[in-house]
Each structure stands twice: as structure tokens, then as C-alpha cells.
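Reader: Please take a close look at the aromatic side chains in one part of this model. I would like the geometry with its cut-offs.

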Amino acid sequence: MCLLTATVSIPSLRPPPCNQNNLANCKPASKLQVGVFFAALYTLALATGGTKPNISTIGADQFDEFDKKERSHKISFFNWWNFSIFLGTLFANVILVYVQDNVGWSLGYGLPTIGLAISLVVFFAGTPFYRHKLPQGSPFTKMARVLLAALRKWRVSLPEDSAELYELDIEEYAQRGKFRIHSTNSLRFLNKAAIKAGRNSPWMLCTVTQVEETKQMLKMIPILIAMFIPAAMIAQVNTLFVKQGTTLNRHTLAMLISIVVYDRYLTKIMRSWTKNPRGISLLQRIGVGLSLHIVIMLVASIVERRRLRFARDHGVFQSGETVPLTIFTLLPQYALMGVSDAFLIVGKSEFFYDQAPESMKSLGTSYSLVTYGIGNFLSSVLLGGISKFTKRGGRHGWILDNLNASHLDYYYALLSALSVFNLVFFVFVSKLYVYKAELYESNEEPMKDIGKGYDEESEI
């Protein structure tokens, strides 16, 4: 952020001022100026990749799973974690954008730089009081060992009694501050990694706990895949929704209000009915968000069709001028997207953290974050593909610079159809998914699976 602020503040690092009325004579940025600017952006991206999966993880790790009161508070953590993030987003969209447009980019970038510096001081000041989990090695290495060991022993028969598989004593796990996980029959082939046969190297023999940790991460991959299309839907808020003539603030406000209502009221109402401490299960919460995505895109398609009809009726179809419609016409799709995100985004981040094994929580959180990158990529590919396909044979494309001559209504309808297929896929993989159930053997008491209700039926 310091480097980014410097690129808009130091004269030698920024292009000379440009007259907007004579753009043809504007001097372009030099290679040095472009290089420094992009170096700042890529450094920021690299830093974000390191902080985002870990800050939420260390925040959730501050709650003691063995303490009933803290465990109940942890259920609300991701609600308020996301609330704080989107409160910052609202500040950026309202205050920082105003400062950048009316005061200058130096102060516009300087303010968040100062804010990050203060955050860093606060973070380090609290370090002595945090609950720290000891590093336990790369999760990718652990998973690779299990997969390779299972493949090497693919011809070896599994014993009928899982107690014959390789596992450490409870005392050894207690000394390391870890929990032992019992063997399960899901992805049973991987159990072969714990068969006591051949050499006892880490790449040939793994503990049952290591095998089960690998299973937990692999079992979440179908759910991860089901999150790609929704992430592409969310990308429309920052692209086509804005292009239609609105701002991001309505979506953010709707999400902030929805999170508060969900955490303070809806959870309590549903808890009395379902007996689930979360009110509804994590996958059910995600499912509600996915269902709302279908409604959102249908509403967006209907609203856009109405806007295009106004454009034709008022003679601005070809000119691309502003359509004489109030901006509040677009409010329903923004408000619904905010409500949907309160279910989907929060539920998704909590699901991947909660269902990841104790030693792989950061990797689980990364599952949630990687969906945004893939979703934005899919959105750009889909937009480009649709534009090329619909322009064949001399026809006008669906997405043009002139929105009044475009057909965003068709595009939104297509996204709604994709959301329907994705929801069907999500329901299918959710029915097959089994929530993890850990046994905290230090006190010989199983902890109830609060990811769903206390019944044994499917969560969807």
C-alpha cells in the first residue's frame, strides 16, 4: 500500500496531467511507472493471499471447543467476521471513493495505508494474548503421503477390524495438542495407507488420523465445485450491475442488515424448531443462498427487459443515452443479492473452516477464497464467449458498449438457468456429504456435530 500510494503521489512515478478534452495528445505512462504500479498491485495480491485464509482462521481458533459458552459464541463468529469486512467495504465505497474523486488519489490511497499500519500495531499488540496453535507441517505434504501410500498398497487387502490399522497412542496426540480421529468407511480405499505392510517410512505408512484428515479435505471438493457458478453470479455485482447505472452501496447495506437479522433473530427462531445450535445446517444455509441466486437473476432479467422497453419508447435505443427511469428500479436485484450473500458467503466460509480437520483449517478457509478467483475467471470467460457467440451472422451481441442496444435480459436469464443446474448439483452432492464428527478423546466425550441437526437424516 505504501508503494501504491507512492505511485499516485510522487511526480516521477505517475504520468503527467492529462486534458480530458484532448486525450489524443496525452503522454502515456513510462515503462518504469507502469512497472512500479503493477508491482504494487501484485504485491498486494500476494499479501492478500497470505492474510485472508489465516486471519479468519486465527480468529475462529480463539474459541475453546471444550468450553460450552465459547463454543456457542463461535457459531456467531463468521457472521460478525463478514459483517466487519463488508462494513469496511461500505466505508471504502462511500468515504474513500468520495475522497479519491474530490480530494485526490494520494489521500485516497494514503488513508487505507495508514489504516493498515494501525491494524498491524493492534495485531502485534494482541499477539501475547492470542491462543496459538503450533505449526504442524504442510497439509499438501500430508495429503500427498496418504494418497501415495494408498496407491502403493492398492493390492493389499484391508483388515476387517480397523483397530489393526496403524495409529498412535492418545498420549502422543495429547502431547502435540492434537486429537485422534477414528477410522471411517468413506473413501475406504485410502484406509490402505494405514495398513502395516512394507516399510514404515512416512510415504509408505500413515496413521488413521492422517488418512481421515485427507478424507475430510477430499470430501469437500464436490461442494467446492458447486461454489464456482455462485461466485460468477456474485461477480455481476461489480460488473454488469454497475454498468447498468447503480452503485455497490445498496448491496452492501442489504447484506449488513441481513447478517444482523440472521444472527440476532432468525437463528434463535430456527433453533427452537430444529434444535440445531446454528438454527439451520451449514449446507442448508448455503442452499438458501443458491436458491436466491435463481430469483435474483430472474428479477434482473425482468427489470432489464423493462428498462430496454423504456429505451425504445423514449428514443434512446440507438444513442445509448440515459433511460428516464429511477435508479431504484434496480434496487430489488441489489437487495436480494445482499440477502443471498448473508446466507451464501457467510455459510460458505464457515462450512469450509468448520469441516476442515484441526491441522488444516487455513487450507479449508482457502477453499472458500479460491472460489472467488475461479468465479471471476468464469464470469469473464462467459461474458466473452456470449459476446462472440451472439455476434455471429451479423447479429447484434447480447453485451455491447451501448446497453440500450444490448440484451442483458437474455444474459441474466441464462445465468438463472445455470443457477438452477448448479442448485441441482449442489443438492445431489450435499445428500452424499457426511459432516465430520470428531471425538475429543482427552475427556472421552464425543462432541455433537453442530454442523447439522441432531437427527441422522440428510441435511438437505
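**An aromatic cluster and its surroundings**

Author: Lys 361 lies over the face of Tyr 353, at 4.5 Å from the ring centre. A charge is counted as over a ring if NZ of Lys or CZ of Arg is within 6 Å of the ring centre and within 35 degrees of the ring normal. The model is predicted: local features need pLDDT of at least 70, side-chain atom pairs count only at pLDDT 80 or more, and totals for chains, interfaces and linings use all residues. Residues are numbered from 1 along each chain as its sequence is written, and side-chain values use heavy atoms, with hydrogens and water left out.

Tyr 353 belongs to one aromatic cluster together with Phe 63, Phe 77, Phe 78 and Trp 81. The structure holds 16 aromatic pairs; rings of Phe, Tyr and Trp (its six-membered ring) pair if their centres lie within 6.5 Å, and planes under 30 degrees apart count as stacked, over 60 as edge-to-face and the rest as tilted. One of the pairs, Phe 63 with Phe 77, is edge-to-face, at 5.8 Å centre to centre and 65° between the planes. Phe 63 is in the loop between α2 (31–60) and α3 (68–102) and Phe 77 in helix α3, so this pair ties together parts 14 residues apart in sequence. Helices (H or I, at least four residues) are DSSP runs, numbered from the N terminus.

Phe 77 also forms a stacked pair with Trp 81: 6.0 Å centre to centre, 25° between the planes. These two are four residues apart in helix α3, and so about one helical turn separates them. Phe 77 is buried, with a relative accessible area of 13%, whereas Trp 81 is partly exposed at 22%. Buried means under 20% relative accessible area, exposed over 50%, and partly exposed in between (1.4 Å probe, protein chains only).
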